[in-house]
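Trainee: I would like to learn how to read a fold from its coordinates. Could we go through one model together?

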Amino acid sequence: MDIITLYTDGACTVETGVGGYAVVVSTPSGLRKISGGAKNTTNNCMELTAVLVALKYIHNKLILQFPHAQFQIITDSTYCYNAIVLKWLDNWINNGFKTAAGKPVKNVSLWLEVKKALDNLDDCLDDGDVKFIKVKGHDGNTFNELADALAVMAKRKLEGR
């Protein structure tokens, strides 16, 4: 069985609100790099956008190419990891997008897109065919570092640097 790994990362300059995201897709056929950016955003939005792009890429491209693969999404974002793996997202949905402390959840529209993308994959894949793995950022993981560099480059391009 093929294991396809997607490394995700986001970057944002707080002062300008300009951000970038990136996904590095590692398959037996090679690497694919995906990146983009946005203005008036946050780091969490860019981290979340990278995960969303990875989920959609699995659904729209990789399932057809690798129908029996297992997919791993690597993130250094505790925010994204906890929301998906620890089921914070399901709890937020059940609580009307309020946190356990009763505060409004941020990035609701993005989280709804992530939930839809996760549900779409659940319809196509067996349980366990998509795993989320948390890594420490800036810790020497080659493809996580590459995703970070691509996200920073996308951000800088929007900033005109």
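Mentor: We will take the sheet, then the helices, then a few loop residues.

Mentor: This is a predicted model, in which local features need pLDDT of at least 70 and side-chain atom pairs count only at pLDDT 80 or more, while totals for chains, interfaces and linings use all residues. Residues are numbered from 1 along each chain as its sequence is written, and side-chain values use heavy atoms, with hydrogens and water left out.

Trainee: How do I read a sheet, and what is the strand order here?

Mentor: Strands of a sheet pair through backbone hydrogen bonds, either parallel or antiparallel. Helices (H or I, at least four residues) and strands (E, at least two) are DSSP runs, numbered from the N terminus. Two strands pair if DSSP finds at least two bridges between them. In this model an open sheet of 5 strands has the order β3-β2-β1-β4-β5, and its pairing is mixed. From one strand to the next, the twist averages 20°.

Trainee: Which strands pair in the parallel sense, and over how many bridges?

Mentor: β1 (residues 3-13) and β4 do, over 6 bridges. T8 has T75 as its bridge partner in β4. On the β2 side, T8 stands opposite V23, and there β1 and β2 pair in the antiparallel sense over 9 bridges. β2 and β3 also run antiparallel, joined by 9 bridges; A22 has S35 in β3 as its bridge partner.

Trainee: How many residues lie between the strands of the hairpin of β1 and β2?

Mentor: That hairpin has 4 residues between its strands, and G17 there takes a positive phi near 70°. The hairpin of β2 and β3 has 2 residues between its strands.

Trainee: How many residues of β2 are buried?

Mentor: Burial is judged by relative accessible area: buried means under 20%, exposed over 50%, and partly exposed in between (1.4 Å probe, protein chains only). In β2, 9 of the 10 residues are buried, so this strand is largely enclosed by the rest of the structure.

Trainee: Next, the helices. What is the angle between α1 and α4, and how far apart are their axes?

Mentor: Two packed helices are described by the angle between their axes and the distance between the axes. Axes are lines fitted to C-alpha atoms, for helices over the stretch in contact, and angles run from 0 to 180 degrees between N-to-C directions. Angles under 35 degrees count as roughly parallel, over 145 as roughly antiparallel, 65 to 115 as roughly perpendicular and the rest as oblique. For α1 and α4 the angle is about 25° and the axes are 10 Å apart. That makes α1 roughly parallel to α4. In their contact (heavy atoms within 4.5 Å), the residues include L48, L52 and L55 of α1 and W111, V114 and L118 of α4. The residues of this contact divide into 13 nonpolar, 3 polar and 2 charged. Here Ala, Val, Leu, Ile, Met, Phe, Trp, Tyr, Cys and Pro count as nonpolar, Asp, Glu, Lys and Arg as charged, and the others, Gly among them, as polar.

Trainee: Within what distance do the axes of α2 and α4 come?

Mentor: They come within 12 Å and cross at roughly 50°. α2 and α4 are therefore oblique to each other. Y79, C80, A83 and I84 of α2 make the contact with W111, V114 and L118 of α4. Its residues divide into 7 nonpolar, no polar and no charged.

Trainee: Which residues of α2 are buried?

Mentor: In α2 (residues 78-85), Y79, C80, N82, A83 and I84 are buried. These buried residues pack against α1 (43-65), β4 (70-75), α3 (88-94), α4 (108-124) and β5 (130-134). α2 lies across β4 and β5, at about 140° to β5. After α2 comes K87, with a positive phi near 70°.

Trainee: Is N40 buried or exposed?

Mentor: N40 is exposed, with a relative accessible area of 74%. N40 lies in the loop between β3 and α1, and its phi is near 55°, a positive value in a residue other than glycine.

Trainee: What does T99 contact, leaving aside its neighbours within four places in sequence?

Mentor: T99 is in contact with W92, P104 and V105. T99 is found in the loop between α3 and α4 and, at 25% relative accessibility, counts as partly exposed.
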